[in-house]
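These are my notebook entries on one structure, kept in the order in which I looked things up.

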Amino acid sequence: MSGNIQLLSDTLAGARAEDRAALIAYLPAGFPTVDGGIEAIKAAFDGGADVVEVGLPHSDPVLDGPVIQTADDIALRGGVKIADVMRTVKETYEATGKPVLVMTYWNPIDRYGVERFTAELAEAGGAGCILPDLPVQESALWREHAEKHALATVFVVAPSSKDARLAEITAAGSGFVYAASLMGVTGTRESVGAQAQDLVERTRAAGAGADLPVCVGLGVSNAAQAAEVAGFADGVIVGSAFVKRMLDAPDDEAGVEGVRALAGELAKGVRRQA
């Protein structure tokens with residue numbers, strides 16, 4: 001079975017055709033349980049998310065702030081495995097028909113085996129991977145197998161990224177480019193800031209002709225911020241705010257409803273661009 005990179009590309013193109021940004025939600029697999037995580041992802045789609053990133057919990061999450069680290073710790077203590085991540089992708093894709101990516105650090109893939117990981121992700125109906133700590137110049141093996149299985153390779157760029165590196169990433173990546181709106185780790189912020197718009201513009205200029213969507217993450221937590229980012233980006237990525245709704249909920253069912261409600265608010269935000 002081939003992966004779903006085309007579904008991802010079509011979904012992002014569809015949002016653009018509607019003159020809006022796509023809403024991309026992030027939730028970790030295995031949080032609060034494997035089944036509970038699957039229900040939360042379905043709720044995010046039901047509320048209005050166009051794409052979901054499934055986090056592969058990791059013991060040393062360099063990009064993740066305290067909220068996602070807490071969720072990862074709960075998932076890891078619950079015994080979550082890569083097989084559970086694949087099951088999460090498979091069940092949410094089969095239930096919704098929408099693009100599901102995995103966001104993971106490189107070490108778990110390296111240990112698991114690149115060919116095995118890409119084959120299983122494609123078999124599960126996955127659309128690709130976001131790899132925040134894989135340098136583009138060391139990505140040839142991954143990209144070879146990802147392309148073979150029709151999976152997107154999403155690289156992360158930051159405000160510190162030089163123009164030459166942006167050009168290298170837009171040439172090597174597929175699906176979209178993940179633009180980290182600011183330096184630092186994930187988490188909700190009072191303001192997303194002008195740095196994000198500058199980074200989006202520089203990334204587009206560096207990849208002129210590549211036509212790779214640029215989606216912004218880190219810091220977006222409410223409809224107003226989503227509308228602001230939707231004014232200049234192709235997609236708005238939200239993670240910590242979803243996880244926080246679940247952590248703050250009195251029980252798992254309320255957490256799932258919180259995810260659905262937040263997705264609805266953010267979906268309205270990306271449609272009323274600031």
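**Entry 1: arginine 271.** I looked up arginine 271 and found it in helix α12, where helices (H or I, at least four residues) and strands (E, at least two) are DSSP runs, numbered from the N terminus. The model is a predicted one, in which local features need pLDDT of at least 70 and side-chain atom pairs count only at pLDDT 80 or more, while totals for chains, interfaces and linings use all residues. Residues are numbered from 1 along each chain as its sequence is written, and side-chain values use heavy atoms, with hydrogens and water left out.

Not counting residues up to four places away in sequence, arginine 271 touches Glu18 and Arg20, contact meaning heavy atoms within 4.5 Å. I also looked up the C-alpha atoms of arginine 271 and alanine 226, which are separated by 9.0 Å although the two residues are 45 apart along the chain.

**Entry 2: the nonpolar core.** I found that the largest nonpolar core has 91 residues, and that Phe117, Trp142 and Val236 are among those with the most contacts inside it. Such a core is a set of buried Ala, Val, Leu, Ile, Met, Phe, Trp, Tyr and Cys residues joined through side-chain atoms within 4.5 Å. Helix α12 (residues 252–271) gives the largest share of this core, seven residues. Leaving aside neighbours within four places in sequence, valine 236 is in contact with residues including Ala226, Val229 and Ala230.

**Entry 3: the aromatic rings.** How many aromatic pairs does the structure hold? I noted three, where rings of Phe, Tyr and Trp (its six-membered ring) pair if their centres lie within 6.5 Å, and planes under 30 degrees apart count as stacked, over 60 as edge-to-face and the rest as tilted. Tyrosine 112 and phenylalanine 117 form an edge-to-face pair, at 6.2 Å centre to centre and with 85° between the planes. Phenylalanine 117 and tryptophan 142 form a tilted pair, at 6.3 Å and 55°. Phenylalanine 117 lies in helix α6 (residues 114–123) and tryptophan 142 in helix α7 (residues 140–148), so this pair ties together parts that are 25 residues apart in sequence. Phenylalanine 117 is buried, at 1% relative accessibility, and tryptophan 142 is buried at 1% as well. Trp106, Tyr112, Phe117 and Trp142 form one aromatic cluster.

How values were computed:
Buried means under 20% relative accessible area, exposed over 50%, partly exposed in between (1.4 Å probe, protein chains only).
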